[in-house]
Amino acid sequence: MPPRKKNPSGFDPNHEEYPDSYHYDLFVSVGRREHNRGEYQQAIDTFDTAIKRNPNDAIGYRHRGLSYGNLGQYQRAIDDYDKAIELDPNDAGTYNNRAISYDDLGQHQRAIEDYDKAIEL
């Protein structure tokens, strides 16, 4: 890939002069902002786009899981946390978040196991 120009054409994030990592980081950043404003479904849609750009990074899954959890979709949150842990098994925060979702589903023993793992890390 040729070096990126200092000021890509029109600052369009879909322009070919931006590397894929820029797209991913941009979508994660926008998704986090939407989540923080309480726009959870919009955040999920934005994290979907980020994950399509880079399906091998835990951050998109972890943050999408948070949004699912805030919508009460705890199993979907757990599924995302599972994937995030598969990609980054040393992130205590993801274990903690998954524990909260397990707790919300009444799966208290699994929650305790994840809380213990988060403390261990």
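Leaving aside neighbours within four places in sequence, Pro89 is in contact with Tyr95 and Leu121, where contact means heavy atoms within 4.5 Å. The C-alpha atoms of Pro89 and Leu121 are 9.6 Å apart in space, although 32 residues apart in sequence. Pro89 lies in the loop between α4 and α5, and its relative accessibility of 40% makes it partly exposed. On this scale, buried means under 20% relative accessible area, exposed over 50%, and partly exposed in between (1.4 Å probe, protein chains only).

This is a predicted model, in which local features need pLDDT of at least 70 and side-chain atom pairs count only at pLDDT 80 or more, while totals for chains, interfaces and linings use all residues. Residues are numbered from 1 along each chain as its sequence is written, and side-chain values use heavy atoms, with hydrogens and water left out.

The protein has six helices and zero strands, and its elements run α-α-α-α-α-α from the N terminus on. Helices (H or I, at least four residues) and strands (E, at least two) are DSSP runs, numbered from the N terminus. Of the 121 residues, 36% are buried. The accessible surface comes to about 7,200 Å², and carbon and sulfur atoms hold 45% of that area; the areas come from the Shrake-Rupley method with a 1.4 Å probe, and for residues only the protein chains shown count as cover. Among contacts with a separation of 6 or more, 37% join residues 24 or more positions apart.

The average pLDDT, the predictor's confidence in each residue from 0 to 100, is 87, and 82% of the residues score at least 70. Over residues 1-11, pLDDT stays under 50, and the model has twelve contacts for this stretch beyond four places in sequence. Where pLDDT is low, the predicted coordinates should not be read in detail.

The expected span is 1.5 Å times one less than the number of residues in the helix. Buried in α2 are Ala43, Ile44, Thr46, Phe47, Ala50 and Ile51. These residues lie on the same side of α2, because they cover an arc of only 165° around the axis, taken from the directions from the helix axis to the C-beta atoms.

Ser67 lies in α3 (residues 58-70) and is buried, with a relative accessible area of 0%. Beyond residues up to four places away in sequence, Ser67 touches His35, Tyr40, Ala43, Ile44 and Phe47. His63 is also found in helix α3 and is buried at 11% relative accessible area. Apart from neighbours within four places in sequence, His63 is in contact with Val28, Arg32 and Phe47.

Helix α5 (residues 92-104) has 13 residues and reaches 19 Å from its first C-alpha to its last, close to the 18 Å expected. Its buried residues are Thr94, Tyr95, Asn97, Arg98, Ala99, Ser101 and Tyr102, and these pack against α3, α4 (74-87) and α6 (108-120). At the start of α5, a side-chain oxygen of Asp91 comes within 3.2 Å of the backbone nitrogen of Gly93. Just after α5, Gly106 takes a positive phi of about 80°.

Conventions. A polar contact is a pair of N or O atoms within 3.5 Å; within protein, one must be able to donate a hydrogen and the other to accept it, and residues adjacent in sequence count only if both atoms are side-chain atoms.
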